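Reader: I'm new to reading protein structures. Could you walk me through this one with a few questions and answers?

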Amino acid sequence: MREDLNALYLQHYTGNPYARAFEKVKPGEIAVGNRLIDAEAVRHSAFYADICEPQNIFNQLFLPHASLHERGGIGGVALFLSRQQDEHAAEAAARLERLSPHMARAIDLSFQVNRIARAPELPQRLIDAIADAAVLIDNRGAVLLLNAAAEALLKQADGIFLSRSEKPSLAAQIPETSTRLANAIRQALLIADGEDTPFEGALSISRPSGLPPYLVMITPLAPTAVSIWDAIDSGARVLIHIVDPEAKTRRQAQQLQHIFGLTEAETRIAALIGSGMNLPEIARVLGISSNTVKTHTGRCFGKTGVRSQAALARLIASIPIAGNRPATPSRTNGKSRPRQS
């Protein structure tokens, strides 16, 4: 319908003879309007003079859609025929009938896309579902979204952090590692843009605290292949997954604490043993004496029934991690706000 006639139609003519007749048509059936109404009488009405005649509408074909009928109204695909085209109305109806299953699926798909498009926090919810730290990067290499685990990890600034710059981006505290990280993100962006380039998709990042290094995995995200899906494209081009091995064993050790009644100090030491550190390294990381570490380790052995650090590490690794609901990240305008360090 012509845009300049739409307001007039909505104000005066939504209950026109065609609309009333089409209410009785079942979804999936093809209706030829002039077969359902007194066409001659309609052509002498104000509706025809105001709406049909200015648009050269002599007849209408209508294909109802089920979901629109379910909502208490009528809706679907309407084809307007001029007087000349009306001579072939039967042929047009037959063609529309052959196309009707495909058009119904297209309408259903458009509804699904619109529902997704109206959910701007979908990308945030997706990365929030990732247990480890996850970061989405846009086509400029800037941080687009963080999940709760990434916010907590980057806040520590232990080896990796958000740089203070015009565009918040990931950086490592060791310059050489920071360069490798930036190059890997740049390569991933080229691949996401369709280029064929060498790619370093994984690297480790050392931590000044002395804890086991982070494992960083970088995945290019291809742009949408079909224009209709642009509605749900958040602009993310790279997913960065940061795994903290020590955090995993710490969660397992917390389960061990509940099972065997370990103290907080014993649990910290058990977690570090489970992450592969030896006793001198643990003493240095925790800032305590080697004798204190040995004492707590011996108590861990006694409570858990193991006799060596290797056996304790195996025990911790065998414990499943309880699913924890991540804290809701802070957001600005529906997005997780990148923190700077």
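This is a predicted model: local features need pLDDT of at least 70, side-chain atom pairs count only at pLDDT 80 or more; totals for chains, interfaces and linings use all residues.

Reader: Is Cys300 buried or exposed?

Author: Relative accessible area decides this, using a 1.4 Å probe and protein chains only: buried is under 20%, exposed is over 50%, and partly exposed is in between. Cys52 has 1%, so Cys52 is buried. With a value of 0%, Cys300 is also buried.

Reader: Which residues of helix 12 are buried, and where do they sit around the axis?

Author: Helices (H or I, at least four residues) and strands (E, at least two) are DSSP runs, numbered from the N terminus. In helix 12, residues 279–286, the buried ones are Leu279, Ile282 and Ala283. They cover an arc of only 100°, taken from the directions from the helix axis to the C-beta atoms, which puts them on the same side of helix 12. An α-helix has 3.6 residues a turn, so residues three or four places apart point the same way.

Reader: Which helices do those buried residues pack against?

Author: Packing here rests on contact, meaning heavy atoms within 4.5 Å. Pro280 and Arg284 are exposed on the other side of helix 12. The buried residues pack against helix 11 (264–274), helix 13 (290–304) and helix 14 (309–317).

Reader: What is the order of the strands in the open sheet?

Author: Strands of a sheet pair through backbone hydrogen bonds, either parallel or antiparallel. Two strands count as paired if DSSP finds at least two bridges between them. This open sheet has 5 strands with antiparallel pairing, in the order 5-4-10-9-8.

Reader: Which are the edge strands?

Author: An edge strand here pairs on one side only. Strand 4 (residues 133–138) pairs with strand 5 over 3 bridges, and Leu136 stands opposite Leu145 in strand 5. The two edges are strand 5 (143–146) and strand 8 (202–205).

Conventions. Residues are numbered from 1 along each chain as its sequence is written. Side-chain values use heavy atoms; hydrogens and water are left out.
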